[in-house]
Amino acid sequence: MQHEELMSLKETGQKGNFLLPFVVCKTVLPDFYTTFPMHWHNEMEIVYVEDGELEECIDFEYYHVKKGDIILVNPCVLHSFRQYQEERASLRTIMFDFGMLTGGKADACSIQYFNPFLEGSYLSPQIISPGQNHYSELADCIRSLIRIYHEKQSFFEIQLKSELYRLFYLLFQHFFECENTTTDLKDATTQNIKVILDYISENYMRPITIDELAGSVRLSKHYFMRFFKKYMGMTCIEYINDYRLNIAANLLLTTRMQITEVAARIGITNLSYFNRIFKKKYRMTPKEYRASVMKAERPAP
């Protein structure tokens, strides 16, 4: 999965393809970025922490996750992650469309389990850690999904779907609780955050003012700034810069664009300002960042 695809706030890109809406990608922090800003998508996301530690934010709650932890991010839930202190982390992320399991038809599984789950009638843990009851079975199933996807042996699509059903059998049997604690206030907050993030993702390539962002959710400028800081854990300007810099880093890695072009592409016209905030985030200038990655990818003589 390309980093550019991952950067869409409401990720609208197809995960996998029409025939197999399922992907597995590997992320290593801080090789490409130290943070991944708040976003959401219609697919289910399952993250397996292969090594290291990181901080994950899911639905406005922060979690310190470690090696072996399994992170469950339900469809349409706001989430982000960032490097924990100076720790490196290696992650495997599984993303898939629930259509793989429901097939668009009403049967006992979809009516009794999958549809209520998607509607929020089941509570699911955000983090499942080594040592919890039935963790080993779940981790084994996730590793199996990753292996099947990468090996792609004959008939792997059938095997992949079979393992997904086994995964949800384990989740429903041992980890999910049938209860709905959603509140109208939380729904309204989540909806406002999604509108704001969508607005940023659609307009990051040009200057964005606080006034227009506040207007997108019909809040006063003063209330909007407090609202954003409270639920996002950073100021709006900090978030926009972080979002832009992740895209800039991807452009530096995947294109031959001049640094001035990269800055302009993400809506920053002041090159010295771009260099300054880039160095603050990545601890090197854009030129040094591109050179270091190219050196790392160059085969040894």
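User: Why does Leu 197 count as buried?
Analyst: Its relative accessibility is 0%. Buried means under 20% relative accessible area, exposed over 50%, and partly exposed in between (1.4 Å probe, protein chains only). The 0% of Leu 197 is under 20%, so Leu 197 is buried.

User: What kind of model is this, and how are its residues numbered and its side chains treated?
Analyst: This is a predicted model: local features need pLDDT of at least 70, side-chain atom pairs count only at pLDDT 80 or more, and totals for chains, interfaces and linings use all residues. Residues are numbered from 1 along each chain as its sequence is written, and side-chain values use heavy atoms, with hydrogens and water left out.

User: Where does Leu 197 sit, and what separates its C-alpha atom from that of Tyr 239?
Analyst: Leu 197 belongs to helix H6 (residues 184-203). Helices (H or I, at least four residues) and strands (E, at least two) are DSSP runs, numbered from the N terminus. Tyr 239 is 42 residues away along the chain, and the two C-alpha atoms are separated by 9.6 Å.

User: How many helices and strands does the protein have, and what share of its residues is buried?
Analyst: There are twelve helices and ten strands. Of the 301 residues, 49% are buried.

User: Why is Glu 163 called buried?
Analyst: Its relative accessible area is 12%. That falls under the 20% limit, so Glu 163 is buried. The residue lies in helix H5 (residues 156-174).

User: What makes the pair Glu 163 and Ser 144 a polar contact?
Analyst: Their side chains are joined at 3.2 Å. A polar contact is a pair of N or O atoms within 3.5 Å; within protein, one must be able to donate a hydrogen and the other to accept it, and residues adjacent in sequence count only if both atoms are side-chain atoms. The 3.2 Å of this pair is within 3.5 Å, so the distance meets the limit.

User: Which residues does Glu 163 touch beyond four places in sequence?
Analyst: Cys 141, Ser 144, Leu 145 and Ile 148. Contact means heavy atoms within 4.5 Å.

User: How do you know whether Leu 101 is buried or exposed?
Analyst: Leu 101, in helix H2 (residues 99-102), has 4% relative accessibility. Leaving aside neighbours within four places, its contacts are Phe 96, Phe 114, Leu 164, Tyr 165 and Phe 168. Phe 114 is 13 residues away in sequence and 8.4 Å away, C-alpha to C-alpha.

User: What makes Pro 286 a buried residue?
Analyst: A relative accessible area of 1%. That is under 20%, so Pro 286 is buried. The residue lies in helix H12 (residues 286-297). Beyond four places in sequence, Pro 286 contacts Leu 252, Ile 259, Phe 274, Asn 275 and Phe 278. Its C-alpha atom is 8.7 Å from that of Ala 248, 38 residues away along the chain.

User: Why is His 134 called partly exposed?
Analyst: Its relative accessibility is 34%. This lies between the 20% and 50% limits, so His 134 is partly exposed. His 134 is in the loop between strand E9 (127-128) and helix H4 (135-151).

User: Is the peptide bond from Leu 29 to Pro 30 cis or trans, and how do you know?
Analyst: The bond is cis, with omega near 5°. Pro 30 lies in the loop between strand E1 (22-29) and E2.

User: Which residues lie nearest the centre of the second largest pocket, and which helix gives the most to its lining?
Analyst: Of its 24 lining residues, Thr 35, Met 234, Glu 238, Asp 242 and Lys 281 lie nearest the centre. H9 gives the most, with six residues.

Terms used. 1 Å grid on protein atoms, 1.4 Å probe; cavity = no way out; pocket = protein on both sides within 12 Å on 5 of 7 lines; lining within 4 Å.
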